[in-house]
Each structure stands twice: as structure tokens, then as C-alpha cells.
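Morning, everyone. Please look at the model on the screen while I go through a few places in it.

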Amino acid sequence: MKLFVTGTGTDVGKTIISAALLVGAARRGQPLHYWKPVQTGGDSIDRDQVERLCPAVQPYAGRVWSYPLPASPDQAAQAAVREAPTVEAIGAALDPAADILMEGAGGLLVPLNEQNETWRDCIRMLQLPTVVVAGSGLGTLNHTLLTLEALDAAGIEVLAVVINGPAHEANLQSLKRMRPDQRFIPFPWLDLTQPSAAWHRAAEELFDAVTLRNQTTDPAAWYAYDRQHCWHPYTQHQTAPDPLPLVKAQGIYLETASGEKLIDASASWWTNSTGHGHPKVGAAIARQHQKIDHCIFAGATHEPASLLAKELVKLSQGQLPRVFYSDNGSCAVEVGLKMVAQSWQNRGIYHRKSFLFFKGAYHGDTFGAMSVGASEGFHKAFSPYLFAGKSLAPVTSHASPICPEGPESLARGLDELKAMFQNHGHELAGVIIEPWVQGASGMNFQDLTWLQTLGRLCREYALPLILDEVFTGMGRVGSYFAFERAGLQPDIVCIAKGLTGGTLPLAVTLTTEAMFESFLDQDGSKALLHGHTFTGSALACAAALAALDIYRSEKILDRVAAMETETRNWIARRAQDLGLISPRALGAILAFELPGSGAGDYFHPLAQKVPTIARRHGLLMRTLGNTMYFVPPLSIQAGEVRDALQRMERTLGDLHRENGAE
Ligand SMILES: *Cc1c(COP(=O)(O)O)cnc(C)c1O
């Protein structure tokens with residue numbers, strides 16, 4: 001556990017409260033190290049005081065920036081002609097695995113250095129759960145409320161505000177009335193010349209009260225309402241096991257009400273890119289909410305949608321300069337199909353009515369997206385209602401249910417492609433594909449030669465190529481878009497999952513200037529006649545901008561590359577012993593068919609056991625038929641990948657034993 005103790009000012013008793021929390025933590029069997037990374041002037045008195053009040057405390061061995069002048073860290077460092085602390089250096093000195101109580105020097109917005117970093121930046125960047133210490137008497141209200149507003153503005157969650165000083169009931173009541181969302185905990189005003197029994201008791205109670213929010217909520221309060229009222233997606237309610245009550249999401253982990261901590265091995269339906277609960281995304285959403293939450297996007301515009309469009313165009317290397325907003329992957333696909341359809345109509349070409357799509361394709365669950373999909377398992381009941389098109393089997397780089405021969409069938413697959421364009425090129429409206437990886441049908445990786453040939457044929461026959469990168473986009477395959485790494489030149493690209501870091505629904509359909517121009521006319525009916533009420537959601541766009549910022553500052557694509565290396569090494573080392581069928585890895589995708597299940601065996605009963613067994617080993621996993629996959633948040637670090645792979649090996653071991661026992 002980590003705690004950061006800050007104050008509304010210098011003399012409010014941060015050190016006493018830190019000492020109380022240290023004593024409470026130790027007495028509750030969760031000892032914390034004490035670290036005051038920056039000490040100015042007489043601050044060593046603080047450490048002496050902590051040691052006196054909490055003799056058992058272990059100081060943390062991390063670096064300490066110590067200056068003689070009793071002033072703010074920036075001034076004290078300047079006076080001493082020494083280096084000032086930076087958030088980065090403090091972060092580097094902070095052991096992520098250690099349990100530490102950190103105390104700031106001075107109040108929240110005290111400058112640390114001449115780059116104007118403050119404790120607030122430190123808390124935000126290092127994602128530290130924060131306790132605010134306030135006085136109790138005159139001046140408390142204003143100082144406390146200002147500090148809370150400053151924390152709000154940065155999207156920082158406050159565990160509690162501890163009121164330290166002689167009891168002042170009226171101030172406490174005012175604070176509770178002004179900020180009903182916060183917890184104000186008065187700490188008793190004690191004689192601290194000797195650590196007494198009263199001190200120990202107060203310390204324990206304070207620690208319990210402060211960490212209460214970290215404990216899981218009681219699902220008894222809400223779980224029954226789910227069972228009575230919620231209709232879950234893709235769920236047979238008659239036979240499905242009860243859903244997991246999740247109460248917390250942080251980084252790559254999800255926590256259940258009973259305190260299980262599970263690796264989010266499917267990135268919350270492949271959406272999470274920057275890690276759960278990233279404070280920068282939260283802060284961006286909070287800040288945007290104070291400006292514009294949502295407004296109409298027809299005949300009006302706003303800053304986040306404009307800035308995000310510019311950023312996305314830049315990521316497409318300028319190839320796709322037009323951006324249409326919607327709010328989910330299926331809609332991004334619908335928009336792509338409708339752009340192509342209407343652009344032919346707008347140009348007076350009426351006979352190009354069918355789209356070429358591919359066996360195993362999944363483009364979403366709306367009718368247009370289902371019509372160009374070929375995922376029988378998902379869409380069988382609706383097939384009589386769908387529009388017709390042309391379809392072909394892709395060539396995959398491994399044996400799969402859609403292409404059992406894998407790369408062996410390349411020559412035949414290329415011939416089929418060419419024949420399709422020769423025979424039907426004149427009547428096709430366009431081509432839609434999930435480039436490189438078909439996600440939902442079982443993480444099928446295409447043969448790159450085959451895919452690139454498809455791209456070339458589209459150019460040759462001047463047929464618009466729609467890439468559904470709802471899954472492969474935003475870094476999943478190691479580049480921002482799969483088309484970059486696969487060397488394709490699309491006319492339309494659909495993006496959704498991952499775009500907002502995995503927080504708010506948002507989708508975009510990117511296209512070329514030529515496509516955009518085919519809608520320009522004096523005739524209003526030639527405008528793209530499509531829109532959603534939440535088009536260009538300002539909150540979601542702000543979240544996406546923050547996510548892109550994190551992609552850069554936290555080098556998310558490097559992390560994806562590291563995962564690719566780890567998973568490929570693991571395959572090379574372990575796949576044979578483990579009996580994995582068609583193991584494959586690309587970017588932050590690892591997949592294989594379950595040992596003991598045939599390559600075409602989509603409904604193998606073994607697969608149904610995976611979620612339960614994986615959960616025993618700390619993984620929240622789903623399977624796609626007999627395909628087991630690991631598609632974590634892109635922010636995953638190499639060490640976490642290795643940990644997850646070990647958990648997967650244990651899961652496979654249990655699966656093997658249970659299977660053998662039957
Ligand atoms: C998930 C997905 C979709 C559908 O996105 P939704 O947001 O669920 O509507 C479309 N295409 C691909 C490739 C997907 O993976």
C-alpha cells in the first residue's frame with residue numbers, strides 16, 4: 001500500500017497524522033515505511049517526531065532531497081545551489097513494490113522546482129492515494145475547500161481529509177455540508193509528550209477510517225438488482241454462472257467484491273489501452289466537464305473534437321485527413337459502409353451494390369455490420385434479414401477453422417482473390433476487412449502476402465478498401481494502425497476500442513479527401529446522411545486526447561513491442577511442451593488453440609472450463625471457442641507479461657489434469 005500525506009498549509013500537523021497512520025498501519029499488521037523525500041529547514045524535526053511517536057517505524061531508504069533553508073523546495077534548493085527535486089526523480093526513487101507512507105513538504109501547491117512542478121503533479125503522476133491534513137480552527141474552511149478544489153481539478157481521488165486540532169464541531173459540519181462527497185475524519189487533540197494508550201487507539205481508528213475506501217464495497221447493497229433487472233450481452237441467462245461483482249479497476253487489474261485481484265486478460269473487451277483508472281484520463285474528463293460536457297455536433301464544434309481530429313490525421317501520416325465521429329465500433333463500420341455506398345450514388349453510379357467481405361469476419365452487431373460479417377455463431381438468427389454481398393475465405397498464417405491449411409493454401413487463395421476481382425470487380429461497391437487479425441472469430445492472423453495482394457487489387461480496380469481497425473487499431477498490433485505495419489493503403493479506417501484509453505465510448509471513421517469531396521454539392525441530399533446524438537462527445541474526445549498523451553509519455557507502443565518479444569520467446573520456449581495448437585503472437589495479442597482440442601473444434605467443452613480455472617490463478621479470461629487468448633491493456637509491463645504467462649501455464653496445467661481425470 002502507498003499513502004501520500006499532504007496538507008492545507010505548513011502548520012496543520014501533517015507529521016503527527018503521518019505518525020498516527022504509521023502506528024495504525026503497524027498495529028493492523030500492514031506496516032508502512034516512512035519517506036519524506038524533500039526536507040527543508042527544520043524538517044528533520046519531523047523525522048525525529050515520527051520516530052518518537054512511532055518507534056517501530058522503518059524509514060524508507062529512498063533518496064532524500066535535504067536543504068538547510070526553511071523555505072519551499074525550489075527556493076531552498078536555489079539557496080543551497082543544489083539540484084531541486086523533480087517528480088521524475090522522486091518517481092524513480094520510489095520502489096513500486098514497497099509499502100510506503102510519503103509525506104510532502106509544505107502544502108499541496110508548493111513548487112518543487114523552477115519547472116513549476118508541485119506535490120499535486122507528484123501525486124497525480126505517481127498515482128498515490130492521498131490523505132489531506134487540515135487544521136480545525138479559524139481559516140480551516142477556506143484552506144480545506146481550496147485544497148480539495150485543486151485536487152479535483154487534477155482528477156485526484158482523496159481517501160480522506162483528516163481534521164487535526166482542538167475539536168470545532170461547527171467547522172466540521174460546514175465542511176461536510178459543502179463537500180458531501182468527501183470524508184472528514186476528526187483526529188482527537190491529544191497530549192503527545194508521551195505515546196499513550198489513547199494515542200495508539202486513535203492511530204488505529206484513523207488508519208481504519210482512512211483505508212476504508214480502499215476496501216471493497218458490499219455487493220449486498222446492489223448485486224440483487226443486477227440479478228433482477230440487468231440483461232447482459234452474449235449471455236444465456238438460464239444457464240450462465242452469476243456475473244462477477246467487480247468493485248475496482250486499476251492498471252491491468254480488476255478486483256472483485258470478495259477481494260480477488262485478477263489480471264484483465266481481455267482488456268475489458270479489448271478496449272483498455274492506457275491501464276484502468278489512469279489519473280490523467282480521469283483528470284482530463286473532469287476538466288472537460290467543467291468546460292463543455294456535451295453539445296450538438298451538427299452546425300457547431302468544440303475544442304476537443306477539433307484537436308483530436310488533427311491528432312488522428314497526423315497518426316494516419318496525413319493519408320486520411322477526414323474524421324467522422326460516432327460512439328462504438330459497429331457504428332464506425334456502418335459509417336464506413338454508408339460513405340462508400342452514398343459516394344457511388346452521389347456520383348450517379350447505381351449498379352455497385354455489394355461489398356466483398358471475408359469468412360470469419362466480425363464487424364459489429366448492427367444490421368449493416370452483420371451483413372458484411374461472417375460469424376455464424378453470433379449472427380445466425382439474423383441472417384434472413386441481412387443484405388447480400390460477396391465473400392471469400394482469407395488465407396491465414398496458421399491453421400484455423402476458417403483456413404485449415406493455413407499458409408499452405410496461399411497460391412489457391414491468391415487465385416481466388418484475383419478471380420473475384422476479375423469476375424465481380426465491376427459490381428462491387430467496396431471491400432471490408434479486419435486487417436491482419438480477425439479478432440472475434442478467434443484471433444486469426446492473415447498471411448501478409450495475401451493481405452497485401454488484396455490491398456493492391458483494390459487499388460488496381462479502384463475499389464474503396466475499408467479497414468475495420470476497431471480491434472487492431474490504437475496500438476494493438478504494435479503500430480498505431482495495423483495498416484502501417486502491414487503496408488496497406490486504405491480509403492477508410494474504423495477505430496473505436498482503445499481510443500479513449502478504454503474509458504468512454506468513442507469511435508471514428510477516417511477517410512480520404514477524395515471520399516469527402518464526393519459528398520460536396522449544392523444539393524443538400526448529397527451530404528453524408530448519418531449522425532448520432534452523441535457524435536463527437538466532448539468528454540470522450542478529451543479522454544482520447546489524454547490517452548494519446550499517455551501513449552507518448554509512457555511509451556505505450558514500446559510496451560506493446562516488449563510484450564510481443566516476451567510472448568514470442570515464450571512460444572519458442574514453451575509451446576511445444578505445453579501442447580499449444582497454432583500458437584501465435586503479434587503486438588499485444590497472444591493466442592493459441594487449447595491443447596487437446598482440434599483446430600476446427602470451436603465448441604470444445606474444455607474451453608468452457610477456462611474462465612473458472614484461470615480465475616483460480618488470478619486471470620480474468622474469456623475464450624473464443626477453443627481459442628485461448630491474452631489481450632491485456634496495452635500499458636502492461638514486461639514483468640507483468642511474464643507473471644501472466646506463468647499464470648496461464650498454471651491454468652493449462654490444471655486444465656490438463658482435470659481433462660485427464662475425466
Ligand atoms: C468489437 C469490434 C467491433 C464492434 O465494436 P462495438 O463497439 O462492440 O460495436 C467491430 N469490429 C471489430 C473488428 C471489433 O473487434
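I start with a side-chain pair: Asp226 makes a polar contact with the side chain of His232 through its own side chain, at 2.7 Å. A polar contact is a pair of N or O atoms within 3.5 Å; within protein, one must be able to donate a hydrogen and the other to accept it, and residues adjacent in sequence count only if both atoms are side-chain atoms. This is a predicted model, in which local features need pLDDT of at least 70, side-chain atom pairs count only at pLDDT 80 or more, and totals for chains, interfaces and linings use all residues. Residues are numbered from 1 along each chain as its sequence is written, and side-chain values use heavy atoms, with hydrogens and water left out.

Asp226 sits in helix H9, residues 223-229; helices here are DSSP runs (H or I, at least four residues), strands are E runs of at least two, and both are numbered from the N terminus. Is Asp226 buried or exposed? Asp226 counts as buried because its relative accessibility is 12%, where buried means under 20% relative accessible area, exposed over 50% and partly exposed in between (1.4 Å probe, protein chains only). Leaving aside neighbours within four places in sequence, Asp226 is in contact with His232 and Pro243, contact meaning heavy atoms within 4.5 Å.

Now helix H5, residues 119-126. Its buried residues are Trp119, Asp121, Cys122, Ile123 and Arg124. The buried residues of H5 pack against several elements, among them strand S1 (2-7), helix H4 (87-93) and helix H11 (279-291). After H5 comes Gln127, with a positive phi near 55°.
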